[in-house]
Amino acid sequence: MKRQNSFAAYILIGIGVYFLLRELRIPIITDFYSWPTFLIIIGLALLIHSYTSKDYQHLFSGTIVLGLGIHFHGIEYYQFWIDHWAVYPMIVGIAFIVRALRTKKGLVTGLVVTGISVLFMFSVRLPPAFNWIYDVTAFLEKFWPVILIVIGFYWLKKKK
């Protein structure tokens, strides 16, 4: 039998540990007294809940929330952190890979998205044959919220 309240329990434990450590004022972890820590806690709770309950439907969302929390924390506190738009598709690609490790679905998609993100992140200048990519990325940088809205409506209307 699955425990219905295990996700809420993991969230409460994570938030309790966060505030306890904040009260103890341990110098090493003072960087974690920020809002990205809550994203990290929620992402970890989703992942732990998915693995312990063997219900792997939350692996994708847990990985995305955890990845965003780590990324926002890194941007805020570490000078060496990469602040590039391609980090976000890379997080999605990693989420596909994490989910594929348990469900056997989406591994190729995850590898392709992650590979393309790494290519964009670390390429300073692409060869001239790929100049069209700069136009596409400029368009995506401007209208990415519209694309998210369209994908969301598509997923809502899609037949199962």
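1. Basis. In this predicted model, local features need pLDDT of at least 70 and side-chain atom pairs count only at pLDDT 80 or more, whereas totals for chains, interfaces and linings use all residues. Residues are numbered from 1 along each chain as its sequence is written, and side-chain values use heavy atoms, with hydrogens and water left out.

2. Largest pocket. A pocket is an open set of points on a 1 Å grid over the protein atoms alone, where a 1.4 Å probe fits, with protein on both sides within 12 Å along at least five of seven lines; lining residues have an atom within 4 Å of a point. The largest pocket holds about 1,300 Å³. Of its 27 lining residues, Tyr88, Pro89, Val92, Leu148 and Ile151 lie nearest the centre.

3. Its lining. Helices (DSSP runs of H or I, at least four residues, numbered from the N terminus) H3 (59-77), H4 (87-103), H5 (107-122) and H6 (132-157) each supply at least two lining residues. H6 gives the largest share, 11 residues. By class, 22 lining residues are nonpolar, 2 polar and 3 charged.

4. Second largest pocket. This pocket has a volume of about 270 Å³. Its lining comprises 15 residues, with Gly67, Ile70, Met90, Ile91 and Ile94 nearest the centre. H3, H4 and H5 each give two or more of them. The lining has 12 nonpolar, 3 polar and no charged residues.

5. Helix pair. H3 and H4 pack at about 145°, with axes 8 Å apart; angles run from 0 to 180 degrees between N-to-C directions. Their contact (heavy atoms within 4.5 Å) includes Gly67 of H3 and Tyr88, Ile91, Val92 and Ile94 of H4.

Note on methods:
Points joined across faces, edges and corners; volume = space filled by probe spheres on them. Nonpolar A, V, L, I, M, F, W, Y, C, P; charged D, E, K, R; others polar.
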